[in-house]
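I opened this one to see how the chain is put together. My notes are below, in the order I looked things up.

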Amino acid sequence: MQRTRGRAPTGGRAGALSQELIVGAAVSLLDELGERGLTFRLLAKQLNTGPGALYWHVSNKDELVALAADQVLGHAFAAHASLEEDVGSGLRALAVAVFDALDRHPWAASHVSAPPTLANALRLLDRIGTLVERTGLPAERHFAVSTAISYYITGVSAQIIAPRTTHDAIVSRDVFLAGTAQRWAELDPADYPFLTRTTQHLRDHADRDQFIAGLDMLLDGLNTTADPRPPA
């Protein structure tokens, strides 16, 4: 992100801060208050400094939230650090670790950029690509396959998780799903035969299971077209 810095804040306080420290405090406030509740004034109070000192390290709130979401991705890598495993199980474990990290921080799900630009989002794609390179796929397909898997992980996670940050402020997930299931049940089964038969599954489904079901289909497709090679 393009940044414009002004003069360094006076009083020596800027030296006691770092972007990493500011972003970590922002993650805690975002978990507690959500994106709307995060302000530079509140963050400065949390860090016992002035708002001007924060702007020396982070240009604006949009950049701060993006960096905070990228830090959440970094937590997923900490939970899944090894590449020394079977390609399919490695990709699955990495994807689930990312989903779980975003699930613990729902505000972050819609801020993971695609194509990636920040450090941990770039590491995610690089980790996926490194695993894909160990399959028998021809080299010219590595980029397309790696980005498809990356976009599934981040995009589907956002589709599943991000709406909670809107709905939960007004109505609980269970109430929202029950209302949606009721509307599906009232559809004409001649026009919507599948939806009217699956209302109970919508009402009772687990988000994580839904994510993993699609992930497993994607990885099964990879297995049918690639011949995974063991680590060198």
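**Ground rules.** I am working from a predicted model, where local features need pLDDT of at least 70, side-chain atom pairs count only at pLDDT 80 or more, and totals for chains, interfaces and linings use all residues. Residues are numbered from 1 along each chain as its sequence is written, and side-chain values use heavy atoms, with hydrogens and water left out.

**Whole chain.** I counted secondary structure and got 12 helices and 0 strands (DSSP runs numbered from the N terminus: helices are H or I with at least four residues, strands are E with at least two). I then checked burial: 42% of the 232 residues count as buried (under 20% relative accessible area; exposed is over 50%, partly exposed in between, with a 1.4 Å probe and protein chains only).

**Annotated stretch.** I looked up UniProt, where an unreviewed entry puts a "DNA-binding region" at residues 39-58. UniProt positions are in the numbering used here, feature names are shortened, and annotations may be inferred rather than shown by experiment. In the model, that span is 60% helix and 0% strand, and its end C-alpha atoms lie 13 Å apart.

**Helix 5.** At its N-terminal end I found Asp86 as the cap, with a side-chain oxygen 3.1 Å from the backbone nitrogen of Gly88.**Helix pairs.** I took the angle and the distance between axes, since two packed helices are described by these. The axes of helix 5 and helix 6 come within 9 Å and cross at roughly 165 degrees (lines fitted to C-alpha atoms over the stretch in contact, angles from 0 to 180 degrees between N-to-C directions). That makes the two helices roughly antiparallel (over 145 degrees; under 35 is roughly parallel, 65 to 115 roughly perpendicular, the rest oblique). Their crossing is left-handed (the near helix is turned anticlockwise from the far one by less than a right angle; clockwise is right-handed).

Helix 7 and helix 12 (residues 207-225) have axes that come within 10 Å and cross at roughly 165 degrees. This pair is roughly antiparallel too, and the crossing is right-handed.

**Thr135.** I found Thr135 in the loop between helix 6 (119-132) and helix 7 (142-161). Thr135 counts as buried because its relative accessibility is 1%. Its side chain reaches the backbone oxygen of Val132 at 2.8 Å.

How values were computed
Polar contact = N/O pair within 3.5 Å; in protein donor to acceptor, adjacent residues only side chain to side chain.
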